[in-house]
Amino acid sequence: MQFEHLTVAAPRGPSLHLADWTIAPGERWVVLGGNGSGKSTLARLLCDELQPASGTLRDRPDRVHWLSLENQQALYERELYRDETDLTDHIDPGTTVRELMEEAAPWSARHEELVASLGMTALLERGYRLLSSGEGRKVMLARAVLEQPDLLLLDEPYEGLDPKARHDLETALGQLAEQGQWVMLLINQRQDIPEWASHLALLDRGRLVLNGAADDVQAHPDWRAALAFTRAEALTLPPRQSDFQLPDWPADQPLVDLQNGRVEYATGVQFEGLNWQLMPGEHTQIIGPNGCGKSTLLSLVSGDHPQCYANHLTVFGYRRGRGETIWDIKKHLGLVSGALHRDYRVAGNVITAVVSGLTDSIGVYTNTGSEEAHLAHQWLELLGLDHRSGDAFRSLSTGEQRLVLIARALLKQPPLLILDEPTQGLDDVNRFRVLAAMERILDTGPTTLLFVSHREDEHPALIKTRLTFEPDETGEALYTVRQTRTG
C-alpha cells in the first residue's frame, strides 16, 4: 500500500496529510498518535469511508475490518435496542458471546482456538451487555478475526484489559501476523507498542511526522521530542463547590460501610462475605482481572447497581433502602466509568455535558446559568479541551469524550471521587493532565478516592489501601476480596 502526497479533509477532527508512505508486504506497522492526531481519519480512509481530497492511495486492501472503541459502543447500543426485559418476566441477557461469534462465521475449530487463546471459555453463554469493557474488547477482536479481512485495523486494542488479558492478546496478535494476517495497530501510548512491531509511524496534528523501521524511528530525535511533555509544578484548580461537601464529617465515621457484601447473578455468586469500610482520606485502589467485580462494587456504592438494596450498605450515613433518594448519595460523589460513558448517549454540547455533573444526570434539563457554565469552562481549559466547548458531545472522539466526562466528575471536587479506569482512550499527555488534576484535588481538600486501573504506571503515591479481587479457592463464589494497607 502506498500513500503519495495525500490529503484527506475529515468532517470531524484534523485534516490528514500523508506526504510519502509505503507499506511493503510482511511489514507489521504500528501507528502512534495522541488524541486528535488523525488516527481515526486514517482508519476511515483505509475503510473507504473517506476519499482523498488530493494525492493518491495505491493498493488499498478490499476488505478492512476496523475495530475501535466506537465500534464497541455501536454494538452495545444495538444490544440495548434489542433488550426485551420490559416485555418479559425475566431479565433478557441479550445476544450471547457464542451467538456473536457465530454471526461472523459458522462455529468451527477456529472458534475454539480463538476462545482458548483469548481466555473466553467462561464467557460463551453470557449476554454481551453483561460483560465488562475488557471482556467486550476480546469478543470484538474474536469476531473481527473470524471475518478474515484483508487488513485487520485495531484501534486501541489493549484498552480496558487486565495485565494477563493484555499479554494474551499481544501474543495472539503476534501469532496472527506470523500466520499471514495483515494487522495494523493504531495506539496513543508508547507502552502499547508490541514487541512484534517491525515498523512505526508517528502522527501529530494530522501530519505523518515519521515512518520507518521501528528501531530507526525510536532513535530519531523527532520521536522523543514529539512524545515529550513537561511536568507542571502545580495546577491551579477552580474553586471547590461548597454545596456538595460534607461539612464537619467525623474522621472516625466511614463514608462507605458494607457488611457481608454479596452479589449474585444467574451464572453464580460473583463475590460474597465482603466486610469493608472506607474511611475519610483512605484513598483506595481496587485491583483484579476483567470481570471479577471491581466495577460492580463501585456501582453498589454509587447506587447504580440494583443489588445495592439487597446488601447491608451505608453510604454517607444513609442505609440503602431506608428511604433515602439516589440524589442524597450522588450529590456527594463524582464518577467516571465505562458504564457511564456507554450510557451517555443524549444530545447536547460539551458544556452541558460537564455541567450535568452538578445535577448527576445524563444531560441537562434546566437552563444552564452563567456561573455553572464558567465553572465548566475552567475545568475544560485545565484539561486542554475548552476549544471544543460548543461542539456536540457525540461529535468528539472517544478520548475527547472521556476528558469531558472526567471534567464532569471533577467539577464538584466531591467528598468521594470514583474513577473506574478514567484514562481509557487517553494519550500520554492527557493521561498526565488527568492524574495531575486528581492528585491536586486530593492534596487540597477533603476528597477520598476510589480508583481502578489496569495500568502498571498508574498507582498514585497517595493510595495506601488496596482491595484485591482473587479467585475463590473454596468454590463458593467466583472471587473473594482481600484488603491490604501499605501506610
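Predicted model: local features only at pLDDT ≥ 70, side-chain atom pairs only at ≥ 80, totals over all residues.

Trainee: Where does D59 sit, and what is its phi?

Mentor: D59 is in the loop between β4 and β5 (64-67). Its relative accessible area is 63%, so it is exposed. D59 is a residue other than glycine, and its phi has a positive value, near 60°.

Trainee: Back to α1 itself: how many of its residues are buried?

Mentor: Helix α1 covers residues 39-46. The buried ones are K39, T41, L42, A43, L45 and L46.

Trainee: How are α3 and α5 oriented to each other?

Mentor: Helix α3 (residues 97-104) and helix α5 (residues 133-146) pack with their axes 8 Å apart, at an angle of about 25°. Angles under 35 degrees count as roughly parallel. So for α3 and α5 the answer is roughly parallel.

Trainee: What is the handedness of that crossing, and which residues make the contact?

Mentor: The crossing of α3 and α5 is right-handed. On the α3 side the contact uses V97, L100, M101, E103 and A104, and on the α5 side V139, A142, R143 and L146.

Trainee: How does the contact of α3 with α5 divide by class?

Mentor: Among the contact residues are E103 of α3 and R143 of α5, and Glu and Arg count as charged. By class, the contact of α3 with α5 has two charged residues, no polar ones and, for the nonpolar class, seven.

Trainee: What about α2 and α5: how are they oriented?

Mentor: Helix α2 (residues 69-82) and α5 have axes that come within 11 Å and cross at roughly 100°. The range 65 to 115 counts as roughly perpendicular. That makes α2, relative to α5, roughly perpendicular.

Trainee: Which residues meet there, and what classes are they?

Mentor: From α2 come L69, N71, Q72 and L75, which meet S133, G136, R137 and M140 in α5. By class, the contact of α2 with α5 divides into one charged, three nonpolar and four polar.

Trainee: Is G134 buried or exposed, and what does it touch?

Mentor: G134 is in helix α5. Its relative accessibility is 0%, so it counts as buried. Not counting residues up to four places away in sequence, G134 touches G160, L161 and N290.

Trainee: Which residues in the largest nonpolar core touch the most other members?

Mentor: In general, nonpolar side chains tend to be buried together in soluble globular proteins. Here the largest nonpolar core has 44 residues, and the ones touching the most other members are M120, L141, L173 and L185. The largest share of this core is seven residues, and that share comes from α5.

Trainee: How far apart in space are S337 and D420?

Mentor: S337 is in the loop between β15 (333-336) and α11 (338-343). At 9% relative accessibility, S337 counts as buried. S337 touches R402 and D420, not counting residues up to four places away in sequence. S337 and D420 are 83 residues apart in sequence, and C-alpha to C-alpha they are apart in space by 4.7 Å.

Trainee: Last one: is P25 buried or exposed?

Mentor: Look in the loop between β2 (16-22) and β3 (29-33), where P25 is found. Exposed means over 50% relative accessible area. P25 has 82% relative accessibility, so it counts as exposed.

Terms used
Residues numbered from 1 in each chain as written. Heavy atoms only, no water. Axes fitted to C-alpha atoms, helices over the stretch in contact; angles between N-to-C directions. Helix = DSSP H or I, 4+ residues; strand = E, 2+ residues; numbered from the N terminus. Parallel < 35°, antiparallel > 145°, perpendicular 65-115°, else oblique. Left-handed = near helix turned anticlockwise from the far one by under 90°. Contact = heavy atoms within 4.5 Å. Buried < 20%, exposed > 50% of the residue type's maximum accessible area, 1.4 Å probe, protein only. Core = buried A, V, L, I, M, F, W, Y, C linked by side-chain atoms within 4.5 Å.
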